[in-house]
Amino acid sequence: MTAAVAGTGNWSITRLAQALEKKELSSEELTGAALDSIDTWEPALHAYLSQMREHALDSARASDRARLADEKVSLLSGIPIALKDVLCLENQPVTAGSRLLEGFTSPYTATAVARLKAAGMVFVGKTNCDEFAMGSSTENSGYGPTGNPWDPACSPGGSSGGSAATVAARSVPCSLGTDTGGSIRQPASLCGVVGFKPTYGRVSRYGLIAFASSLDQIGPFTRRVEDAALLYREMAGADPMDSTTLSDPVEDPVPQLSAGVAGLRLGVPREYMGSALSPGVRAAVEAAIALYQEQGAIIEEVSLPSTDLGLSTYYVIAPAECSSNLARFDGVRYGNRLPSELAPLTEMYLETRRKGFGPEVKRRIMLGTYVLSHGYYDAYYRKAQQVRSLIANEFSTVFSKVDALIAPTSPSVAFPLGAKSDALSMYMCDVLTVPVNLAGLPGISIPCGFEDGLPVGLQVIGPRLADAMVLRVAHAYEEASGWKDEAPKLPHTLTTGEAL
Amino acid sequence: MASQVTAGPAVEDGGAPGISAKYEAVIGLEVHAQLLTESKMFCGCRADYAQMPPNTNVCPVCMGLPGALPVMNRKAVEYTILTALALNCTIPEESKFDRKNYFYPDLPKGYQISQYDMPLSLNGHLSFELEGRRVRAGITRVHLEEDTGTLQHAGSVLHTAASSAIDYNRCGVPLMEIVGEPDLRSAEEAREYLVRLRQILTYLGVNDGNLETGSMRCDANVSLRPPGDSQLGVKVEIKNMNSFRAVHRAIQYEIARQAGLLDMGEKPLQETRGWVETESRTVSQRTKEYAADYRYFPEPDLPPLQISRQLVEEITSQMPELPEQKAARLVTQFGLSSYEAGVLTATRASADTFEAVVAGGLPPQAASRWLLGDVAKLETEHRTRLAESGLGVAGLVRLGNLVEKGSINGTTAKALLEELFLSGGDLDDLVQSRGLSMVSDAAELRRMAEEVIAANPKSVADFQGGKEAALQSLVGGVMKLTRGRADARAVTQLLRELLSAE
Ligand SMILES: [Zn+2]
């Protein structure tokens, strides 16, 4: 590691960009350091499914050349970033954490990724995740779990566990994840980083391997709220390739980030502060609420009575959509076809899917197939859609009274890998994040303290399209608290000559 | 599956089985029509995949690659609404797409984007004249979906083939489904319904109407019941009918087959049967017990469609004159018989040609006579349309008018028609250079007639002695002198005058 990059691990994107702009630092150095740090951490974390060392260094040098030639470049040019392995990048492997897609290379680039690429960002690798983003611990990856940098024996959360872990480890300043029921916010919470899920339809899903189309949304992991705002601003906006993107103009969140919370009404949903919270989480969140109050926010207790219906609603709608979305993985056109020799059609379907998918994916496909079946549709799918509307309406009602909601992101901190062996206890991890997806709202998780040395996350939820408000409220807390500079230490088991 | 081996009765076209007294046939047609849009239903690939090498007309979207999303083709929606309006359907203000889930290698996403409970249109009808009766067939709905790829098996069917090849070029081509009510009562009605429907689709320019290539496909639901019974019998779906003739024969066969079963006290199975052209029979493909549960649910990748009344009005205003209206107008405006009008309006192109010829200045009766007679014959024989032939519309107008003015006679005109149709050339030059124009100079003709009278005293005597037939040989003599360039009736008239004056 060169002298220039030493100690930049905690820097914000803005600060890194300034250093790049002043040529105090080159993107090649920064990217090289990121790649080295990834290599250092990888034995403990297994955060990556593929790395793109040469590709990354080429992009970094291209960015450096552009800066040296005094070309007008984006602030994000030359900044390394990792991609959750559900996002397509042309001619790069994409597995969605599934053995079924082992060896598959996408011939095209996702819109959100293409926008960052156009800005000159440097892609360092594809991160580990639960298979097809189904899970809350990254243990459902077909390639083995990811560890949490704060304690590699613990889960980083999921499904975007690899993306959260690598940012928490200070290997890269940012990464992309996807959030269907909490898959950005929950791992951000468990890894002590910022994870932002924008309003549904704000960031194009084109090129994101779908889990549940009506819930999926791409968003950034960063160490600073401001960085999340910068990435969001770059990715957001209508995309002709995704009909569910919104045509409403994108409000630039950056200028209002520092507007503070004085005079803002912040709601605390009673149902989110229930008995399921671990003591440390409750204490940290209550302290955060108090800090907001000190900053001049008006705190109100509010009620979202249907919160407890969120999980069961989610576990009808998401599996229904995934059962259909995953039908294309049939061994006919791409991915691993089984058996390897010529076989009858039905056998090919059965073998490919039986061996290619892991148990959680199969469980959800079966669940989804069941709820859409003739005779069950009304009882499950239609009913779930009705409850979904109910949940969205309750949020709307509350947002007529408050500007944003603050709540815990996850009821507990990171848990040991293997600790949640039954599906239901794993599903409970998302109880506080799922309603936000059902209502299509923007939500963010930011670090707000520790319990037993493991990070606690604070969730800020805003009305639909109030992404800028969510970022502003989160930023106010980040500024007032000191958590952003807390970093995990490289485990003793990994010997290294240099400090990070 | 006993039905698979049931030998059916031989069916010949026109040979209607005499079952009408015992059973009433209840027939409904489901027609799929590929839309003539520029691009596919949900991506930018070309909709016209004909002649393209396999798998060259594809992209991540129509190949169902991971992460790809559909984007709706507006033109396809407009074409479907246009068709629905032509079929007297109502257009709901809200519509949506749904996923129809099933596994098949020609379906890359594992689901077809189609429309389930909120189609683009509902409740229409198609009515037509058949053997002096008016048949009114209800249209349940016209909706929009995407076409699948095509499979080629190294063997007869997928499940027993040694291997299969898939071409995804057709995948995602906009496909309109026109679901008919079970209102048809005979194979003839079904065929006529299909003929009329194709006529409308091609008039609208939304489909090319080709059953052979499959750009238009027809499935038939056939059941029998005692006449006057309001309940429907067991429904059999027939597929693989690739021509109007096949539709007619397959339905005839199926009616006879089911009648045979009922006669023996057996009930037809609810099943799908395929028409095997070479064997002139239907064979069982699958029975209802294996029927798939398609698990329809709203397509989450496409927002619901709001169909504004303004759009419906705009589309209505673009509605061309439909075949029945056009035929009626040709009768009243030009005094054609309804038979002539019917044939001339069979296709929009032929109707347009007729109107162009009339507009060019040829009287309607003559235009009709030419187009339905010699021109139609040449067009069929040489597979060339008049407009694209050496003659062209303007050429026909000029040629026809030369006959109307008596400048050339019919025999000459026919010969010229064929020559110009095939090889082109200037009509006036040909007439001039070959001296084909009629001897219309009265003095010249009189001189020739007198010459013939003088040279044939015997015939003259015979005629004057009361033998009418003798006149014909004199007429022949004059025609010979003019080398056929005289109007035989005028010559006859002239000779009578000269001989009676004598
Ligand atoms: Zn395509």
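**Exercise 1. How much area is buried between chain A and chain B, and what percentage of it do carbon and sulfur atoms give?**

Solution. Keep in mind that this is a predicted model.
- Start with the partners: 39 residues of chain A touch 36 residues of chain B.
- Now the area: putting the two chains together buries about 2900 Å². Carbon and sulfur atoms supply 60% of that.

**Exercise 2. Find which residues form the salt bridge between chain A and chain B.**

Solution. 
- The count between the two chains is one salt bridge.
- Go to B:Asp301 and look across at A:Arg205: these two make the salt bridge.
- Check the distance: their closest N and O atoms sit 3.0 Å apart, inside the 4 Å cut-off for a salt bridge.

**Exercise 3. Work out how H7(B) and H9(B) are oriented to each other, and what their contact is made of.**

Solution. 
- Locate the helices in chain B: H7 spans residues 348–360 and H9 spans residues 392–404.
- Their axes come within 9 Å and cross at roughly 50°.
- Angles under 35 degrees would count as roughly parallel, and 65 to 115 as roughly perpendicular, so H7(B) and H9(B) are oblique to each other.
- The handedness of this crossing is right-handed.
- On the H7(B) side, B:Thr353, B:Ala356, B:Val357 and B:Gly360 do the touching; H9(B) brings B:Val393, B:Leu396 and B:Val397.
- Sort those residues by type and you get five nonpolar, two polar and no charged.

Notes:
Residues numbered from 1 in each chain as written. Chains lettered and ligands numbered in written order. Predicted model: local features only at pLDDT ≥ 70, side-chain atom pairs only at ≥ 80, totals over all residues. Heavy atoms only, no water. Axes fitted to C-alpha atoms, helices over the stretch in contact; angles between N-to-C directions. Helix = DSSP H or I, 4+ residues; strand = E, 2+ residues; numbered from the N terminus. Parallel < 35°, antiparallel > 145°, perpendicular 65-115°, else oblique. Left-handed = near helix turned anticlockwise from the far one by under 90°. Contact = heavy atoms within 4.5 Å. Nonpolar A, V, L, I, M, F, W, Y, C, P; charged D, E, K, R; others polar. Buried area = accessible area lost by both parts, 1.4 Å probe. Salt bridge = Lys/Arg side-chain N within 4 Å of Asp/Glu carboxyl O.
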